[in-house]
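Hi there,

Here is the structure I promised to pass on. My notes on one helix and on the charged pairs follow below it.

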Amino acid sequence: MTTHHDSHGVAKLQKTLVLWQVIIIGLAYIQPMTLLDTFGMVSRDSLQHVPTSYMIALIAVLLTSISYGHMIRKHPSSGSAYTYVQKSIHPNAGFMVGWSSLLDYLLSPMVNILLANIYLTELFPDVNHWVWIIGLSLLMVGVNLRGARFVANFNSLIVVVQLLVIGIFTYLIYTKLYAGQNALSDELGSIAEQGADALWSFNPFWSASTEIGALITGATILCFSFTGFDSLSSLAEETKDVKKTLPRAIFLTALISGLIFIASTYFMQLYFPGNPAQYFELVDETQPEILLLVGGAFFQSVVLAFAIVTVMASGISAHAGVSRLMYVMGRDGVLPKKFFGYISPKNFTPALNIWLAGVICLTAGFLSLEFVVALISFGALTAFSFVNLSVICSYGFRDGRMKTPKDFLNFFVVPLLGFISIGALWLEVEDTSLKAGIAWAAVGIIYLAWLTKGFRKPTPQHHFSDDES
């Protein structure tokens with residue numbers, strides 16, 4: 001029987017979420033409509049092979065999602081990669097992965113605040129941007145204080161409408177291609193190939209101009225599109241039948257979003273076949289222009305208005321994730337326990353962490369979208385890399401589960417392939433992300449040295465009781 005307090009009468013997280021609710025939170029976090037925002041920059045960097053870059057990113061993410069599933073079964077904690085590395089490799093390494101993951105988790109809600117601010121400023125240019133930033137931050141806090149199940153229910157309709165918008169958008173492109181139109185032929189008033197021949201081509205995936213390095217560069221950017229599947233592991237202590245539900249939810253969330261991304265950008269790449277600078281004034285933020293070119297002014301205004309809601313749904317899910325990670329680090333004692341380890345006895349949520357994450361969102365008024373996305377990439381790739389290594393260390397080396405072909409495949413080959421695939425993405429990380437990430441890691445090392453008295457004391461960690469697993 002699930003209780004909401006531990007043996008000392010202290011409030012703890014409730015197990016209320018089922019499979020579909022976890023997937024909904026994941027899809028809301030990932031925000032499928034992000035493919036419209038990133039299309040221009042990835043088309044430029046991949047030399048017009050966006051769907052292939054998505055396929056490369058999806059392979060790396062799916063391999064990594066399997067590793068997350070293995071680690072959730074062994075350590076069903078809301079600490080995610082932080083806990084897995086702590087228990088499987090070393091507590092100090094776990095702290096550093098958790099510290100790096102904070103970049104990903106803390107800044108993800110801020111990205112959505114920044115995007116919503118861009119859309120709202122476009123619609124209401126006379127309103128001071130601080131009105132939107134403060135108001136949206138308070139909305140995120142308010143929803144998350146209600147609990148994870150409320151977050152899932154709040155996001156359900158938003159995710160369904162997002163998928164509907166993507167379906168309508170893709171259908172509009174399909175009809176234009178069938179009629180022999182693409183972005184260039186529209187502009188020049190000429191007609192390209194018509195009918196089925198215009199709809200099916202291998203060029204969006206591979207052509208004479210394909211370069212492997214360019215595809216991987218595009219995939220590195222697109223890892224940002226998938227950030228969210230991994231954050232579901234932070235809901236481990238609020239999910240029913242966690243060892244069965246969460247591994248499925250993480251894999252399915254990554255797979256569903258990946259298939260949507262690949263299918264949609266296939267038609268988009270056919271419609272925008274050349275250098276994106278030919279079509280877009282703002283290659284790094286293409287959603288408004290794509291909507292205008294494909295659907296017209298009315299379609300653009302309706303979808304942009306809805307996009308404000310979708311980025312808020314994503315931000316609310318991200319907000320839920322970071323508050324849980326800070327809670328676990330606080331419960332362990334690596335962050336001040338009285339504040340970060342607090343659970344509200346009213347709604348069974350890490351209320352103080354939710355408020356803190358909301359305050360951090362206010363810094364969106366001072367930071368650029370490009371800089372925040374760069375930092376998120378560093379944190380996400382760090383977590384992905386170490387979760388794959390954790391499977392090898394925990395199951396393979398510590399448990400000795402590499403003696404049968406099946407175990408060797410599951411606990412060594414697959415996570416190693418995941419690690420290698422993420423490693424390929426590391427090679428293309430931009431300098432801004434790398435330098436800022438290393439600086440953040442250096443601060444973490446200094447803090448850890450202070451916490452452990454010059455590494456003479458062990459790093460604090462939580463030991464689970466039977467009713468927590």
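A residue is called buried under 20% relative accessible area, exposed over 50% and partly exposed in between, using a 1.4 Å probe and protein chains only. Please note that this is a predicted model, in which local features need pLDDT of at least 70 and side-chain atom pairs count only at pLDDT 80 or more, while totals for chains, interfaces and linings use all residues. Residues are numbered from 1 along each chain as its sequence is written, and side-chain values use heavy atoms, with hydrogens and water left out.

First, helix H6. Helices are DSSP runs of H or I with at least four residues, numbered from the N terminus. The buried residues of H6 include Trp132, Ile133, Leu136, Met140 and Val141. At 1.5 Å a residue, the 17 residues of H6 (129-145) should span 24 Å, where the expected span is 1.5 Å times one less than the number of residues. The end C-alpha atoms are 25 Å apart, which agrees.

Now the salt bridges (a side-chain nitrogen of Lys or Arg within 4 Å of a carboxyl oxygen of Asp or Glu): the structure holds 3 of them. In one, Lys74 meets Asp399 at 2.2 Å, N to O. Lys74 lies in helix H3 and Asp399 in the loop between H15 and H16, so the pair ties together parts that are 325 residues apart in sequence. Another joins Asp45 and Arg44 at 2.9 Å. Asp407 also pairs with Arg401, their closest N and O atoms being 3.6 Å apart; here Asp407 is buried at 16%, whereas Arg401 is partly exposed at 34%.

Best wishes

Terms used: Helices (H or I, at least four residues) and strands (E, at least two) are DSSP runs, numbered from the N terminus.
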